[in-house]
2 protein chains.
Amino acid sequence: MLSALALARRIEAGELTPRAVVDVCAEAIAAHEKEVQAFVALDLVAARRSADNPKLAALPLFGLPVGVKDIFDTFDFPTEYGSPIYAGFQPRADAAAVALTRRAGGVVLGKTATTEFATMVPAATRNPHNLDHTPGGSSSGSCAAVAASMLPIAFGSQTAGSVIRPASFCGVAGFKPSYRLIPTAGVKDVAPHLDTAGVFAAGVADVAFMTAAILDRDLRVDRSPPAAPRIALTRTHLWSKASAAMQRAVERAARAAEKAGAKVVDLTLPAILEEAYAAQFVIQDHETFRSRSYEYDAHRDKLGKELRESLDAAAAITADAYDAARRTAKRARQALADLMAEHDVILTASAPGAAPKGLGSTGNPMFNRLWTLMGTPCVNVPGLSEDGLPLGIQIVGRFGRDRAALEAAAFVERAIAE
Amino acid sequence: MLSALALARRIEAGELTPRAVVDVCAEAIAAHEKEVQAFVALDLVAARRSADNPKLAALPLFGLPVGVKDIFDTFDFPTEYGSPIYAGFQPRADAAAVALTRRAGGVVLGKTATTEFATMVPAATRNPHNLDHTPGGSSSGSCAAVAASMLPIAFGSQTAGSVIRPASFCGVAGFKPSYRLIPTAGVKDVAPHLDTAGVFAAGVADVAFMTAAILDRDLRVDRSPPAAPRIALTRTHLWSKASAAMQRAVERAARAAEKAGAKVVDLTLPAILEEAYAAQFVIQDHETFRSRSYEYDAHRDKLGKELRESLDAAAAITADAYDAARRTAKRARQALADLMAEHDVILTASAPGAAPKGLGSTGNPMFNRLWTLMGTPCVNVPGLSEDGLPLGIQIVGRFGRDRAALEAAAFVERAIAE
């Protein structure tokens, strides 16, 4: 994979030009894109032209190429939200995250494939580790492009598990920051109380570098060795649904972290967090039904069957049920904050197992729903695998303590590698 | 003014057709629009055609005409966000609130004038009560159109004070529900942690009727006489900035409510709420700077001078200052929730006074910023005035208790009228 940080350092040192990095991406795209199908729009000519801008050298991203999930608006690429309803739609503006990326000196190489409106109907994208397996979703193209070395950095978004799960399946670092840390203006709404923009890159230090650059925040973790975190190993009530290989991977990560100096304790979550897990479905479905009201009413025939049926079911969720779910979420957030007073991060699985075989489903976000609802920062730590398919470890931080979450994730990443 | 409820009842009784209501609006538009300038787009032909749909009679809004602030996307009208950058821009979809309105049987008559990106640079709209005075903003066209009887219902949005203040200046009912109760998908972001969609109509029962219809929630307050609320009369630390006339109006409303059976007690807010007031500026400016990053970087020359300078200043707000403001807001929300355990609503001023003279400013949102940040439902109660200019009374409810806020507002509205 292409480490964004390593590339940035070489550009800064004058060993590489931004244009040469575009060429490296172009080569990988020529080699893999036909099979992986990560992109829905791509403009290498424009990217090379942008990369030649001499001003980039002074900017935090040094002209690095960036991929953008096709639910983020872009003024220069069509944005179709994974739906034929928006075929050829050309937004007038960039989403805020895209504009901030260009401001920081990133070069938008293209738009990456998303499931339909970032929900469940898969894109054509395949897992670079095994083309017969799903790359995960909904940010399918972004994580597959990074995994296939076609891009050093790409944007995704998570409403249930659309950053952490595909990152796990594709073996890349994925960062879902605290709720709304990355602005979502100009990103197509799915469920507004959950939707969170995130980032994919080769390693933990790379996602931290990108997020720090676009937000102008102290989030980098590459400048000194990460401190040993206090880790709560949390199996959650879904542990029995995780594959034996995933269970082993999480235990192995815990032991590696412990050996490297981390304090690791077992933590059982109180019942309110299991209730919050159930509440996430209600909140997501109720809000998605409203976000998609135009498409549902005016273009029902152009919705995928699975999404249409899911919206049909969501129509029956009452306002009372939704309000109760919101109250449960609020109580759970407070309970989690209290619980985390003595821990820096939670360590758990990123997904139930390796990427499932077949392209008909993007896999199950069960290990992500709770954390998205809690609004806590989540990092997928790559590095483990079984039978050639990656198994991601998830680090969950405290709300608003994104740097600590990234640092702990970098610590675990290093511990696993040793 | 045109009461939405009264019109709906007459349509339901067969005394009036939806088309006849469009004609009533068209007459008022012919008489007043040239001077008031509430609309930026209007299609009476299409509205009449929509109103002739026989299915409307069975729907909650009975074909009533609705105006939509021009920061809400509409698939059939250009949407320009009050900015020349978006001249002629035609969205592909309706904002969720607009789609829900059509689903409920509302007929979108046109788009109403907004200040530039719903911030400070005024639209051309004038106050129907006195054309030399501002109608308030940023939802200028929506409140002026309702005040001039050109529409029974219109959408607005509030980030600082853009629903309650113009409602006060124009003498109409304005409802800013609890944060995000009305979905904001497809509404141009300003400051996402503050942006709240709201509604204007002739009276409190009318805004409740509209909101109940589009959200399918039990919010109507016209079916039985409103219960006597427990009111906390709250002058806030800004009381000395309110005009003598506004101070008298608030006191008068309190005495009228008391006489009608409400329990009224004085409530002094703790210091944390004054801190939260100051935090609102930081949060709004920091978030607006990010939401407008594309326009700021790519179309700086097409931004109004006032907005450009405000964004220049906002660029200097650090992430630390923003995070501290968010923490202050969180503490203040908890303090307010605790404080309100013994009160149903707060009664305070909707604005510092009547609509200021001149069209160069839309007036000061100082009496609204805190409540927007707290996410609490707010209702402007019309009915009082001085020298021909309206003075609005503000009812602030508890978060998520929108029906109680509307019922208390209806109670005060009735008490004032008696």
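## Basis of the description

Because the model is predicted, local features need pLDDT of at least 70 and side-chain atom pairs count only at pLDDT 80 or more, whereas totals for chains, interfaces and linings use all residues. Residues are numbered from 1 along each chain as its sequence is written, and chains are lettered from A and ligands numbered from 1 in the order in which they are written.

## Overall form of chain A

The secondary structure of chain A comes to 14 helices and 11 strands, these being DSSP runs numbered from the N terminus (H or I over at least four residues for helices, E over at least two for strands). The C-alpha atoms of chain A fill a box of roughly 55 × 55 × 40 Å along the principal axes. For 418 residues a compact globule would have a radius of gyration near 22 Å, and the 20 Å of chain A agrees with this; the radius is taken over C-alpha atoms, and the globule rule is 2.2 Å times the number of residues to the power 0.38.

## The sheet of chain A

In chain A, 11 strands form an open sheet with mixed pairing, in the order β1-β3-β2-β4-β6-β5-β10-β11-β9-β7-β8, where two strands pair if DSSP finds at least two bridges between them. The edges are held by β1 (39-42) and β8 (263-266) of chain A, each with a single partner strand, so one side of each is left without a neighbour in the sheet. From one strand to the next the twist averages 30°.

Within this sheet, β4 (residues 153-158) and β6 (residues 196-201) of chain A pair in the antiparallel sense over six bridges, and A:Q158 stands opposite A:T196 in β6(A). Helix α3 (residues 44-51) of chain A lies across β1, β2 (65-69) and β3 (107-112) of chain A, and runs at about 155° to β3(A). Angles run from 0 to 180 degrees between N-to-C directions, with axes fitted to C-alpha atoms, for helices over the stretch in contact.

Helices α9 (residues 271-291) and α11 (residues 305-314) of chain A pack at about 105° with their axes 9 Å apart, which makes α9(A) roughly perpendicular to α11(A) (65 to 115 degrees; under 35 is roughly parallel, over 145 roughly antiparallel and the rest oblique). Here A:D285, A:H286, A:T288 and A:F289 of α9(A) meet A:S310, A:L311 and A:A314 of α11(A), a set of three nonpolar, three polar and one charged. Ala, Val, Leu, Ile, Met, Phe, Trp, Tyr, Cys and Pro count as nonpolar, Asp, Glu, Lys and Arg as charged, and the others, Gly among them, as polar.

In chain B, α7 (residues 204-215) and α14 (residues 402-417) pack at about 155°, again with axes 9 Å apart, and are therefore roughly antiparallel. The residues B:V204, B:A205 and B:A208 of α7(B) meet B:L406, B:A409, B:A410 and B:E413 of α14(B), and this contact divides into six nonpolar, no polar and one charged.

## The two chains together

Contact (C-beta atoms, placed from the backbone, within 7 Å) joins 28 residues of chain B to 28 residues of chain A. On the side of chain B, two or more residues come from each of α4 (96-103), α9 (271-291), α10 (293-298) and α12 (319-339), and that side divides into 13 nonpolar, four polar and 11 charged residues.

Notes:
Contact = placed C-beta atoms within 7 Å.
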